[in-house]
Amino acid sequence: MSTTATVDRPFRADLLTLDPPRLLGSRCSACGTTTFPPRGFCPGCRSGAELETVPLTTEGRICSFTVVRQAPPGVEVPYVLAQVDLRSDEVRLMAIVVGVAPERVALDQPVALELHPVGTADDGTTLLGYRFRARTEEVAA
């Protein structure tokens, strides 16, 4: 009897890679604009032919956030939903932030990409999504 081991996979193949863990964006070779998630056209110059998929940095900083206190059944509250700046890529994205109590979250707080299980596919494969984990280094003044 053989058993087939299932391998974790991203919940969306075009959104992230697992090894190494990285979010994927698109970069326009015509104007240099980088976006997340990847897009079929450049919002900077409207080009559609000059886009390439690029891995994004795993380090960011909180630009803005809210503490979510009401959610659908089965979703643990409170949780932090933040706009995270990936400064070296000039990308801002929205993500859940973990690893810090909601009352301790701060603007410009450093965060790092983290993959985590978000569900199970029909074949039993664990589907992975992304979030950011707060880092303990000092917040810039």
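1. Glu90 lies in the loop between strand 7 and strand 8 (91-98); strands here are DSSP runs of E with at least two residues, numbered from the N terminus. Although Glu90 is not a glycine, its phi is positive, at about 55°. Glu90 counts as exposed because its relative accessible area is 70%; the term exposed requires over 50%, buried means under 20%, and partly exposed covers the range in between, with a 1.4 Å probe and protein chains only.

2. On the basis of the note: this is a predicted model, in which local features need pLDDT of at least 70 and side-chain atom pairs count only at pLDDT 80 or more, while totals for chains, interfaces and linings use all residues. Residues are numbered from 1 along each chain as its sequence is written, and side-chain values use heavy atoms, with hydrogens and water left out.

3. Arg46 belongs to the loop between strand 4 (34-35) and strand 5 (51-55), and is exposed, with a relative accessible area of 61%.

4. Two cis peptide bonds should be noted. One joins Asp19 and Pro20, with omega about 0°; Pro20 is placed in the loop between strand 2 (16-18) and strand 3 (21-28). Another runs from Val77 to Pro78, with omega near -5°, and Pro78 sits in the loop between strand 6 (59-68) and strand 7 (79-86).

5. The largest nonpolar core has 21 residues, of which Leu23, Phe36, Leu93, Val97, Tyr130 and Phe132 touch the most other members. Such a core is a set of buried Ala, Val, Leu, Ile, Met, Phe, Trp, Tyr and Cys residues joined through side-chain atoms within 4.5 Å. Strand 7, strand 8, strand 9 (110-120) and strand 10 are the elements giving two or more residues to this core. Setting aside neighbours within four places in sequence, Leu93 is in contact (heavy atoms within 4.5 Å) with residues including Leu23, Phe36, Tyr130 and Phe132.

6. Arg131 is part of strand 10 (residues 126-134) and counts as partly exposed, because its relative accessibility is 21%. Residues up to four places away in sequence not counted, Arg131 touches Ile96, Val98, Ala112, Leu113, Glu114 and His116. The side chains of Arg131 and Glu114 are joined by a polar contact of 2.6 Å; a polar contact is a pair of N or O atoms within 3.5 Å, where within protein one must be able to donate a hydrogen and the other to accept it, and residues adjacent in sequence count only if both atoms are side-chain atoms. The C-alpha atoms of Arg131 and Val97 are separated by 6.0 Å, with the two residues 34 residues apart along the chain.

Technical notes
Helices (H or I, at least four residues) and strands (E, at least two) are DSSP runs, numbered from the N terminus.
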